[in-house]
Amino acid sequence: MFKKDNPRWLVFLILCSLGVILGFSWGCTRGGQEKEKIPELFSSFASFPVGSNPTFVAVGDFNEDQIPDLSIANINSNDVSILIGKGDGGFNAQTRYLVGLQPRTITLADFNNDGHLDIAVNNNLGDSISVLLGKGEGHFQDPTTFPATARSPLSITSADFNQDGIIDLAVCFRFDHVTIFLGRGDGGFQTGPTFDPGDTPASLVAADFNGDGMPDLAVANSGPMGGNVSVFLGDGTARFKESGRYGKGIRPIFLTHGDFDGDGTQDLVAADGPKNNLVIFLGVGNGTFGKPYSFSAENGPSFLLPGDFNRDHRMDIAVTNNQSSNLSIVIGNGDGTFRYPPWNFRTQSGPISVAEGDFNRDGFLDLVVVNFRSNTASVLLTKPPDEVS
């Protein structure tokens, strides 16, 4: 410990005082106080092999047995892995479906209205979209791939943007535009409206930000010349009107939504990768957002998953940290603010995406993380509340 006549002791006291004023702990301890103990949220950790350099995981029930399964985009083996859940936290060996070059993200929906869950994936280097139509028993038809109309599709999401009862796609491209692909109802798509969201869009998310019952879009623009988050309100015809741009100067690489302040409206959170920050945008309810605020993350935040992970009925955020190879749980206070520092849990090398599901059917949501450098999917089974210590 520092001696009180040492100048470093004064620096230490100043930092601790600032932490108290700003609401941060910075791990400062004094007297008999101890650092907050990180609860042991997870009872087990098991990993399963997937394809080469997985980038995205989505959870769905592909064989309709009420047990969640996994779909994983593998960017360097150009395929999608399907792992069927056993119901005990384990998974059967993967089945892999070859798609376009460098599949990057996945969205799940019933694209042909047959009652079975399907998969759509954007192929970054292939400049294309691949659709895998589910058979309902854990297998898929051979993928159908169609041109994506522009170079380098980076992110995909789905919703019924034109309110015709058929699911559509929205895709953002590296070179400054978003395209809507209108579903035909047979698993195929036709090109719809296109708009410019900002500089180098890297991620997009669909949600109802103004409460009118129609899906809107928010886009993370990661470019150095104009990084921000842009919001576009849907009119129910697959066309969008910009409602605002927020967070000038940030460079978000991923974006998602949740109700972080408990007011019934959707908020946004972005991962500002170059600064290792998370950025919160609280929704007003009319499609606009308040002034954003940011706080520190671990090294290389790559994916964000909102959820109530400590079971206090307040929204938290799970963060995969690709460079520090861990998973952070950022605990929400229920008013749009978050506790610092986060709870960190080790993963395998290069965690890049996370999803949730009750993989062992105990009534509690578990987590699955895909690890880019380890070529694995790791399942973290959550302890029941009375066993968390």
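Mentor: Start with β15 and strand β16 (residues 228–234). Five bridges join the two, and they run antiparallel. Keep in mind that this is a predicted model.

Trainee: Which residue in β16 is the bridge partner of alanine 220?
Mentor: Valine 229 in β16 is the partner of alanine 220.

Trainee: And how many residues sit between β15 and β16 in the hairpin?
Mentor: Six residues lie between them in that hairpin.

Trainee: What about β14, how does it run against β15?
Mentor: β14 and β15 run antiparallel, joined by six bridges. Look at leucine 217 in β15: alanine 206 stands opposite.

Trainee: Is strand β15 buried or exposed?
Mentor: Buried. Strand β15 covers residues 216–221, and six of its six residues are buried, so the strand is largely enclosed by the rest of the structure.

Trainee: Which residues are on each side of β15?
Mentor: Asp216, Ala218 and Ala220 are on one side. Leu217, Val219 and Asn221 are on the other. Both faces are covered.

Trainee: New topic. How much space lies in the largest pocket?
Mentor: About 630 Å³.

Trainee: Which residues lie nearest its centre?
Mentor: Phe56, Ile106, Val205, Thr256 and Phe303. They belong to a lining of 27 residues. Several strands give two or more residues to that lining, among them β2 (54–60), β6 (103–109), β14 (201–207) and β26 (351–357).

Trainee: What classes of residue make up the lining?
Mentor: 18 nonpolar, eight polar and one charged.

Trainee: You mentioned β2. Which open sheet does β2 form part of?
Mentor: A sheet of four strands, in the order β2-β3-β4-β5, with antiparallel pairing. β2 and β5 (95–98) are the edge strands, and each pairs on one side only. On average, neighbouring strands there are turned by 20 degrees against each other, direction ignored.

Trainee: How many bridges are there between strand β4 and β5?
Mentor: Four, with β4 spanning residues 79–83. Serine 81 stands opposite arginine 96 in β5.

Trainee: Switching to rings. How many aromatic pairs does the count come to?
Mentor: The count comes to 18. Take phenylalanine 91 and phenylalanine 359. Their ring centres are 5.6 Å apart and their planes are at 65 degrees, so the pair is edge-to-face.

Trainee: Which parts of the chain does that pair link?
Mentor: Distant ones. Phenylalanine 91 is in the loop between β4 and β5, and phenylalanine 359 is in the loop between β26 and β27 (366–371). The two are 268 residues apart.

Trainee: Why does phenylalanine 359 count as buried?
Mentor: Because its relative accessibility is 1%, and the cut-off for buried is under 20%. Phenylalanine 91 is buried too, with a relative accessible area of 5%.

Trainee: Are phenylalanine 209 and phenylalanine 289 buried or exposed?
Mentor: Phenylalanine 209 is buried at 3% relative accessible area, and phenylalanine 289 is buried at 7%.

Trainee: Last one. Which residues form an aromatic cluster?
Mentor: Phe111, Phe146, Phe181 and Phe189 form one.

Conventions:
Residues are numbered from 1 along each chain as its sequence is written. This is a predicted model: local features need pLDDT of at least 70, side-chain atom pairs count only at pLDDT 80 or more; totals for chains, interfaces and linings use all residues. Side-chain values use heavy atoms; hydrogens and water are left out. On a 1 Å grid over the protein atoms alone, a cavity is a set of points where a 1.4 Å probe fits but cannot get out, and a pocket is an open set with protein on both sides within 12 Å along at least five of seven lines; lining residues have an atom within 4 Å of a point. Grid points are joined across faces, edges and corners, and a volume is the space filled by probe spheres set on the points. Ala, Val, Leu, Ile, Met, Phe, Trp, Tyr, Cys and Pro count as nonpolar, Asp, Glu, Lys and Arg as charged, and the others, Gly among them, as polar. Buried means under 20% relative accessible area, exposed over 50%, partly exposed in between (1.4 Å probe, protein chains only). Two strands pair if DSSP finds at least two bridges between them. Axes are lines fitted to C-alpha atoms, for helices over the stretch in contact, and angles run from 0 to 180 degrees between N-to-C directions. Rings of Phe, Tyr and Trp (its six-membered ring) pair if their centres lie within 6.5 Å; planes under 30 degrees apart count as stacked, over 60 as edge-to-face and the rest as tilted.
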